[in-house]
Amino acid sequence: MDRPKELARALRKEEGRRRLLLHSCCGPCSCYPFLVLGTHYDLAVSFANSNIYPREEWERRLRALKRAIRGFARHYRIEIKLLEPHCDHESFMEELRPMADLPEGGERCLLCYRKRMEEARLIACKEGIPLWCTTLTSSRQKDSEAIIRLAQELDEKDPEGPRFLISDWKRGGGLEEGERIARFLMLYRQDYCGCEYSLRDRK
């Protein structure tokens, strides 16, 4: 299967198995990244998603992620470490509430992406993990180029910290392959982005 060109070039440059932190938004979106990254890196996963509402939905998506991790260990012989997740929805939403009436996919969503990736990157710093990336570019509803720019801006503010591995998981057949694996592993598939505003708009 074809991989995104940027990612393929980056992987060819790496020597040996290095540690990489993957910010995961859910189980299904993680499947293709797990498949690609798990063969090149010692992979740790951060479920930094305090945006998800309600708490029961956060727990449901976390269970699906754990199921995906078990599935990859069993069926693909890829071992993945899940870092301890936490959820603080009210604190996370303080900056977003003034943007409640903005349309889905706009400024509010970009801020949400940034906050989640910033948290994941800080975890990589604390864990001493030199590389990081995110599954957010897996979603057909999200602007991958905007997400990559936000991640690169975080790196630019801290040039001594972890380096973002450019990756658009929708490209090169990744979207379809990820969906196939998610069905095979029988993962829960959500029908809204995650925050209370996307849930409101869905209804």
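A residue counts as exposed when its relative accessible area is over 50%, and in this predicted model M186, at 60% relative accessibility, therefore counts as exposed.

**View 1. Two residues other than glycine with a positive phi.** M186 is found in the loop between helix 7 and helix 8 (196-202), and its phi is near 55 degrees, a positive value in a residue other than glycine. R77 also has a phi near 55 degrees, likewise positive and likewise in a residue other than glycine, and is found in the loop between helix 3 and strand 3. With a relative accessible area of 66%, R77 is over the 50% cut-off and is therefore exposed.

View 2. Five strands form an open sheet in the order 3-2-1-4-5, with parallel pairing. Strand 3 (80-82) and strand 5 (163-164) stand at the edges, and because each has a single partner strand, one side of each is left without a neighbour in the sheet. Strand 4 (residues 131-134) pairs with strand 5 in the parallel sense over two bridges, and here L131 stands opposite R163 in strand 5. Strand 1 and strand 2 run parallel and are joined by six bridges, with L21 standing opposite A44 in strand 2.

**View 3. Strand 2 and the buried residue Y41.** Strand 2 is mostly covered, since five of its six residues are buried. Y41 is found in this strand, which spans residues 41-46, and, with a relative accessible area of 1%, Y41 is under the 20% cut-off and is therefore buried. Y41 and P85 are 44 residues apart in sequence, and their C-alpha atoms are 21 Å apart in space. In the loop between strand 2 and helix 3 lies P54, which is joined to Y53 by a cis peptide bond with an omega of about -5 degrees.

**View 4. Helices that lie against the sheet.** Helix 3 (residues 55-75) lies across strand 2 and strand 3, and runs at about 155 degrees to strand 3. Helix 5 (residues 107-127) packs on the sheet, where it touches strand 1 (18-23), strand 2 and strand 4, and its direction makes about 155 degrees with that of strand 1. Helix 5 has 21 residues and reaches 30 Å from its first C-alpha to its last, which is close to the 30 Å expected at 1.5 Å a residue. The residue that follows helix 5 is G128, whose phi is positive, near 70 degrees.

**View 5. The largest cavity.** The structure holds two cavities of 30 Å³ or more, and the largest cavity has a volume of about 80 Å³. Its lining is made by N51, L96, E104, R108, C109, C112, Y113, R116, C193, C195 and Y197. Helix 5 gives the most to this lining, with five residues.

**View 6. The largest pocket.** The largest pocket has a volume of about 620 Å³. It is lined by 28 residues, of which C29, S139, R140, Q141 and Q190 lie nearest its centre. The elements that give two or more residues to the lining of this pocket are helix 2 (27-37), helix 5 and helix 7 (174-184).

How values were computed: Residues numbered from 1 in each chain as written. Predicted model: local features only at pLDDT ≥ 70, side-chain atom pairs only at ≥ 80, totals over all residues. Heavy atoms only, no water. Helix = DSSP H or I, 4+ residues; strand = E, 2+ residues; numbered from the N terminus. Buried < 20%, exposed > 50% of the residue type's maximum accessible area, 1.4 Å probe, protein only. Pairing = 2+ DSSP bridges. Contact = heavy atoms within 4.5 Å. Axes fitted to C-alpha atoms, helices over the stretch in contact; angles between N-to-C directions. Expected span 1.5 Å × (residues − 1). 1 Å grid on protein atoms, 1.4 Å probe; cavity = no way out; pocket = protein on both sides within 12 Å on 5 of 7 lines; lining within 4 Å. Points joined across faces, edges and corners; volume = space filled by probe spheres on them.
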